[in-house]
Amino acid sequence: MQQVLVLNASYEPLNVCSVRRAYVLVGKGKAEVIERYDEPLRTATNTYDRPNVIRLVHYVRVPQTVKRRISRRALFARDGWRCVYCGTSSVRLTLDHVVPRSRGGDSVWENVVTACAPCNLRKGDRLLEEIRMSLPRPPRAPAPVLFIRLATHRVPDTWRTYLPAIDEVATEAA
């Protein structure tokens, strides 16, 4: 199924939706087509542009308090598929609570990081200060662009002008 990038009126990426949903938004006048697929939509009587990138006509305020739930895939992507303690990416990755749950730590973006099995075993249920480990930067919730990139198997070239690079997103979060 083809997907469509949805931009806010300010051209900031909001979400990914199906071609059908995008066409409904365009048909109702709630969005405009910015980029099109080469292959049109065909009905029994008409031919329509198949949207690839749409922009909402009116600005939608996205509340900053809305937080997405943690998933392993999103967490690993946020941390660059690397252990935050030693930087390795060649071994099996696990999740680690910076403040262990046994000491009152929650499973929130600001307390969970990607760790390799050896570093996670070394840390155990202790605090970073107790074993002289440190984080290069404090963990934060990922930017919404990360979820857009994870929603597609491959980001189309036409979307790249509207999406900041993952490296830029990682430095923004730091």
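## Helix H4

Helix H4 covers residues 144–151. Of its 8 residues, 6 are buried, so the helix is largely enclosed by the rest of the structure. Buried means under 20% relative accessible area; exposed means over 50%, and partly exposed lies in between (1.4 Å probe, protein chains only). The buried residues of H4 are Val145, Leu146, Phe147, Ile148, Arg149 and Leu150.

Helices and strands here are DSSP runs, numbered from the N terminus: helices are H or I with at least four residues, strands are E with at least two.

## About the model

This is a predicted model, where local features need pLDDT of at least 70, side-chain atom pairs count only at pLDDT 80 or more, and totals for chains, interfaces and linings use all residues. Residues are numbered from 1 along each chain as its sequence is written, and side-chain values use heavy atoms, leaving out hydrogens and water.

Ala77 sits in helix H2 (residues 72–78). Its relative accessibility is 11%, so Ala77 counts as buried.

Which residues does Ala77 touch, not counting those up to four places away in sequence? They are Leu146 and Leu150. Contact means heavy atoms within 4.5 Å. Ala77 and Leu150 are 73 residues apart in sequence, yet 8.3 Å apart in space, C-alpha to C-alpha.

## Asn111 in its loop

Asn111 lies in the loop between strand E7 (93–97) and strand E8 (112–116). Asn111 counts as buried because its relative accessibility is 7%.

The side chain of Asn111 reaches the backbone nitrogen of Val99 at 2.8 Å. Beyond its neighbours within four places in sequence, Asn111 is in contact with several residues, including Asp96, His97, Gly105 and Pro139.

Definitions and conventions: Polar contact = N/O pair within 3.5 Å; in protein donor to acceptor, adjacent residues only side chain to side chain.
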